[in-house]
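Subject: The structure for you to look at

Hi there,

Here is the structure I promised to pass on. Have a look at it first, and then read my notes below.

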Protein chains: 2
Amino acid sequence: MGYTDLDWKAINSIRMLAVDGTFAANSGHPGAPMGMAPVAHVLFQKIMKFNPKNPKWVNRDRFVLSNGHACMLQYSLLHLYGYSLSLDDLKQFRKVDSITPGHPEAHDTPGIEVTTGPLGQGIGNAVGLAMAQAHTAATFNKDGYPVVDNYTYCFLGDGCLMEGISSEVSSLAGHLQLGNLIAIYDDNHISIDGNTNCAFTEDVPKRYEAYGWHVVTVGDGDNDLDSIEAALKECQAVKDKPSMIKLRTTIGFGSLKAGSHDVHGSPLKAEDIKQFKEKFGLNPNEPFAVPQEVYDYYGEQAAAGAAAEEEWSQMFSKYAEAYPAEAADLKRRLTGELPKGWEKNLPTYTPSDSAVASRKLSEIVLTKIEGSLPELVGGSADLTGSNLTRWKDSTDFQPPSTGLGDYAGRYIRYGVREHGMGAIMNGLSAYGTILPYAGTFLNFVSYAAGAVRLSALSQVRNIWVATHDSIGLGEDGPTHQPIETLAHFRALPNCMVWRPADGNETSASYYVALTSKHTPSIIALSRQNLPQLEGSTLKNAIKGGYTLHEEEGADVTLVSTGSEVSICVDAVKTLASQGLKARVVSMPCMEVFDSQPKEYKLTVFPDGIPIMSVEPMSTMGWEKYSHEQFGLNRFGASGPYKDVYKKFEFTPEGIAKRAAATVEFWKGNTIRSPVNRAFQQII
Amino acid sequence: MGYTDLDWKAINSIRMLAVDGTFAANSGHPGAPMGMAPVAHVLFQKIMKFNPKNPKWVNRDRFVLSNGHACMLQYSLLHLYGYSLSLDDLKQFRKVDSITPGHPEAHDTPGIEVTTGPLGQGIGNAVGLAMAQAHTAATFNKDGYPVVDNYTYCFLGDGCLMEGISSEVSSLAGHLQLGNLIAIYDDNHISIDGNTNCAFTEDVPKRYEAYGWHVVTVGDGDNDLDSIEAALKECQAVKDKPSMIKLRTTIGFGSLKAGSHDVHGSPLKAEDIKQFKEKFGLNPNEPFAVPQEVYDYYGEQAAAGAAAEEEWSQMFSKYAEAYPAEAADLKRRLTGELPKGWEKNLPTYTPSDSAVASRKLSEIVLTKIEGSLPELVGGSADLTGSNLTRWKDSTDFQPPSTGLGDYAGRYIRYGVREHGMGAIMNGLSAYGTILPYAGTFLNFVSYAAGAVRLSALSQVRNIWVATHDSIGLGEDGPTHQPIETLAHFRALPNCMVWRPADGNETSASYYVALTSKHTPSIIALSRQNLPQLEGSTLKNAIKGGYTLHEEEGADVTLVSTGSEVSICVDAVKTLASQGLKARVVSMPCMEVFDSQPKEYKLTVFPDGIPIMSVEPMSTMGWEKYSHEQFGLNRFGASGPYKDVYKKFEFTPEGIAKRAAATVEFWKGNTIRSPVNRAFQQII
């Protein structure tokens with residue numbers, strides 16, 4: 001309260017930077033930053049707790065711009081508050097290799113918490129950040145030591161609210177009673193197609209109340225700073241519900257085209273900029289001209305934030321004396337390093353161990369390692385009993401009032417919300433104290449494709465426990481049997497796709513996934529039992545691909561993954577009875593194999609021997625490692641899995657038949673290993 | 001009203017078939033069919049209009065089982081009413097090559113309208129079917145001639161309601177005031193993880209009211225047939241809102257484990273089946289024993305349906321006399337054939353025509369053909385001005401009361417709801433009178449992956465106008481630039497992915513997409529301008545891949561798609577200046593090229609010449625057609641598109657450099673065309 005001209009000068013400076021930034025880029029979205037500058041100002045200057053000199057302070061309030069196209073707003077704020085983002089960086093908006101790309105990217109830009117732009121993702125990340133705060137507080141806070149008590153604030157627009165993912169995460173946030181989450185809905189009535197009345201006429205406050213949220217409406221977001229501040233404080237005080245402030249704003253406020261979709265996605269014209277600056281007392285002749293008093297004013301809040309962190313650090317020092325184990329654990333978690341020796345808990349197997357489904361092997365891994373990895377927080381999209389993602393005696397992450405668990409619980413009931421689960425995992429990872437994994441059927445990771453893509457782009461460590469990974473799921477049939485899914489995610493940069501063949505490979509999958517600090521993983525796991533293979537070891541499997549079965553003077557190399565590796569091993573015998581010698585390569589993870597030295601790869605795929613791949617789904621991608629491919633470039637079939645395998649000839653005989661054809665076809669030809677390449681790929 | 005013992009006998013017969021079917025399959029979901037048998041009985045026996053002898057009657061009521069795992073319910077109903085689905089078919093539930101797969105598949109089973117199972121899709125299909133009815137009625141109905149006036153009924157469960165896609169389509173359905181849509185929510189409190197109170201505690205009726213739906217609650221769905229019927233009739237009478245009936249049921253009603261999640265996804269045990277049958281007076285010693293009186297009772301309703309169709313046919317005959325053009329148009333549409341000569345409207349180009357973005361070329365196609373293809377109904381997920389999907393003077397599909405259009409309008413404002421849009425298109429296609437297309441950025445087709453997959457599986461003709469198809473979109477940056485997307489959808493069976501290089505190829509894309517009655521298409525289109533190529537013709541391009549530029553004694557073949565084909569043509573000159581001869585192949589659609597005869601394919605990719613692919617995204621899949629691949633196996637960059645192309649060397653020089661390396665690398669080797677294969681793929 002007590003806002004003065006200086007506040008408005010600051011607000012108009014934010015607007016001006018958005019206007020000048022998009023004009024200089026000749027591209028971008030000035031409208032939302034101009035409309036949301038008042039609430040951004042109030043939030044950052046009066047409400048939020050942050051230290052621009054240490055954007056990684058664990059107890060900072062988190063800010064998420066779910067309408068990421070409005071990022072000139074966020075970049076401007078970061079600059080004005082003194083984060084490592086200069087005026088030159090603003091001038092480089094939307095230029096190649098700048099730290100101010102067209103949408104905010106967390107891995108590149110200090111102060112950006114999560115990568116947003118694809119609509120609806122940010123509010124999902126915000127729910128994840130709020131869940132992480134609740135969990136971290138419940139785990140680490142002690143009487144008199146509020147180690148983390150931060151809030152998460154999220155701006156979002158009509159587009160985010162139309163996307164289904166926001167519905168998923170908002171419903172869950174209401175269920176979880178996340179009082180630490182405050183969303184500000186930029187109700188500007190405009191989307192790209194024009195007025196929102198053409199497609200979006202629902203009653204948003206009523207919908208959010210139905211989810212269990214506290215909803216406040218502010219009628220004049222353009223001018224009424226007092227009401228904005230009061231609404232934010234009201235929401236802070238609601239401890240058992242997430243809050244939404246529905247804020248009526250004018251898109252492009254100050255422009256001649258204010259209130260229209262003309263200001264949504266294109267820079268203002270020069271004459272419009274001129275009148276805008278003149279109207280608000282800004283220098284119309286110099287772009288990016290921030291008054292010094294605005295820098296000074298924001299500098300005060302930045303200094304207050306630094307002081308707040310200092311005070312927190314003193315508190316944390318005392319905490320570390322009183323609770324040395326907890327303090328050390330928290331500090332370690334924030335580095336992303338795992339506790340020393342955790343990997344000794346990974347189970348290993350010998351061929352005499354019994355056949356087990358790899359989803360079950362995954363459960364065994366989780367059960368064995370969870371004690372040594374307290375940051376591991378799991379869940380499932382309502383398939384717990386099928387994904388086997390919950391170790392025995394786990395506690396659910398739930399509001400205590402439900403009687404079903406507590407916030408220190410490490411198992412999340414996501415509900416049937418795969419896309420939301422993916423975005424929430426990105427938020428959990430971004431918080432810094434949690435290593436999330438979550439389960440669904442492999443086929444339904446596709447529902448979450450938008451979130452998985454952002455896991456990869458923003459370089460976070462999430463793990464998808466993707467069970468029921470092929471036609472081997474049997475009776476559920478083609479609607480549930482993945483065909484294109486592995487190709488899809490293998491084609492995604494910075495994403496590891498694992499498909500382990502047995503127990504040792506399952507342990508290897510987890511080992512690499514858990515120790516890859518900047519890469520998400522999808523571990524594809526079988527419903528059906530798999531034998532423990534001769535030749536499979538943890539050491540071999542962490543290379544991504546290795547020779548499982550070597551044969552002197554081999555006629556053919558079979559390369560396979562997961563549940564078909566053992567069928568290939570059986571096919572070796574069938575081939576032997578036909579006088580053909582076959583090697584078998586197991587390739588649990590292409591991406592990891594690709595990163596091995598060429599010499600090693602040539603030992604796995606030597607020149608001179610034709611290679612045939614075996615995987616009962618799309619053959620796409622296997623041409624990179626093989627001369628011939630045995631796969632399934634059609635949809636599967638519903639039936640007991642052994643019948644389905646038989647139908648498509650994924651049997652020792654079916655494999656042997658095609659392997660023999662491969663040998664015959666390549667006879668007399670020079671055979672080059674596909675490892676040899678003419679030039680380096682851009683990766 | 002006036003329900004008797006016979007009704008209960010019928011209801012228990014439905015339950016029995018679900019129990020026996022899942023028991024025989026040793027797999028499947030008996031719980032929901034047992035719980036929903038009463039409402040299914042009331043709906044089919046008292047409310048719905050259908051003729052089992054002609055499952056394709058255009059004015060039938062549509063029934064969608066969004067909770068598709070409950071399909072033994074639907075199969076049982078189809079059998080009992082006399083559709084071509086025998087008792088033996090029920091006994092073959094979940095067996096290989098049966099017409100009763102684990103989840104309902106529309107293309108295989110008479111009476112199944114849409115393919116469901118992946119949660120949330122069915123309600124999206126239902127919204128599409130209801131929109132199609134509204135549009136068809138507005139287009140064809142005349143005073144006294146209600147050509148179509150059917151309703152769409154949809155069963156859905158908690159899982160569907162948790163999925164974001166249902167939120168998207170329900171919000172739109174409310175906006176569109178679809179009074180012809182009635183959803184029945186099976187409120188059984190149980191999902192796979194147990195009681196829904198662990199993750200789903202929102203107020204569903206309030207949420208649906210917020211969407212603008214009429215909501216009725218029936219408290220006792222297990223016993224109160226009168227209230228069920230009354231609720232259905234109440235909803236039928238609400239003409240300007242979609243309706244939801246929240247029906248409290250007991251999952252697995254009649255089982256010893258009724259009301260628990262034990263009956264959700266596993267067959268009942270033998271002793272439980274025995275007590276169930278004894279309790280309801282069914283023969284406990286014989287499975288699948290339907291009392292004849294139940295068949296007779298259902299037969300009456302089937303006969304009434306046949307009579308209703310007969311009456312409709314007489315009305316339609318008169319309509320055909322009064323409105324011969326309309327009647328002929330409707331009849332034609334239902335065959336899926338396009339009007340004769342429509343293709344003459346496809347624009348063609350010569351190299352002297354100016355450079356145009358392929359998204360704009362797509363707009364030109366739509367503008368030229370819409371007049372001759374009245375079934376074409378388009379839309380966009382709030383990117384109309386970017387996708388260029390709306391021809392000038394188009395009318396929006398809107399409730400007349402909005403003043404923004406009418407139901408005869410052929411342009412749908414989907415809002416930012418890609419996944420919902422995909423499911424709605426599947427419903428629009430399934431209705432039979434509409435050929436839907438819709439736009440979004442290529443990158444965001446991934447949000448709709450779940451729906452696209454079902455388009456392919458259920459063999460419907462939808463077209464995605466997927467603009468901004470590469471790093472060529474420029475400034476929006478990596479969050480919006482597809483890398484994995486083409487590989488993903490190329491790996492999906494029965495899905496055509498087009499990436500045309502110029503105007504003739506754009507026309508070819510539409511030609512093949514529109515004439516492929518059983519295959520969906522994704523047409524990837526550029527934001528940036530593309531020159532009209534020498535050598536590109538409609539006739540060439542409809543082969544999927546062809547030699548654009550031939551060169552005697554070529555050293556290398558360059559194969560490319562879309563916006564990079566012209567850069568390859570320029571690279572030919574760069575290579576010539578280095579003394580190297582290059583051919584250029586344009587490959588707008590791999591799937592269509594794959595279907596050409598081998599002889600043709602060998603003329604495009606002859607033996608003896610090394611092939612290099614050029615596409616600025618994941619190289620995955622290109623190994624199938626090339627020896628070396630120039631692509632982008634990393635995320636893109638934000639900047640003006642020419643700078644981004646330069647950064648990654650997608651320039652004539654960058655291509656020539658790698659082509660020269662390819663020639664050098666393969667020198668002195670036997671080079672086999674990748675068209676040669678050792679054995680046939682399973683497609």
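First, a term: helices (H or I, at least four residues) and strands (E, at least two) are DSSP runs, numbered from the N terminus. This is a predicted model, where local features need pLDDT of at least 70, side-chain atom pairs count only at pLDDT 80 or more, and totals for chains, interfaces and linings use all residues. Residues are numbered from 1 along each chain as its sequence is written, chains are lettered from A and ligands numbered from 1 in the order in which they are written, and side-chain values use heavy atoms, with hydrogens and water left out.

Let's begin with helix H1 of chain B, residues 5–25. Of the 21 residues, 15 are buried, so H1(B) is largely enclosed by the rest of the structure. Buried means under 20% relative accessible area, exposed over 50%, and partly exposed in between, using a 1.4 Å probe and protein chains only.

Now for the UniProt notes. The positions use the numbering here, feature names are shortened, and annotations may be inferred rather than shown by experiment. The unreviewed entry puts "active site" on A:Glu418. That residue is in helix H15 of chain A (residues 418–431), and at 4% relative accessibility A:Glu418 counts as buried. What does A:Glu418 touch, leaving out residues up to four places away in sequence? Its contacts (heavy atoms within 4.5 Å) include A:Glu168, A:Tyr447, A:Trp464 and, from the other chain, B:Glu163.

The unreviewed entry also marks "binding site" residues, among them A:His29 and A:His264. The annotated set is spread over 499 residues of sequence and up to 48.4 Å between C-alpha atoms. A:His29 sits in the loop between helices H1 (5–25) and H2 (31–47) of chain A, while A:His264 is in the loop between strand E7 (243–248) and helix H10 (270–279) of chain A. Are they buried or exposed? A:His29 is buried at 12% relative accessibility, and A:His264 is buried with a relative accessible area of 12%. Beyond its neighbours within four places in sequence, A:His29 is in contact with A:His264 and B:Asp476, among others.

Happy exploring!
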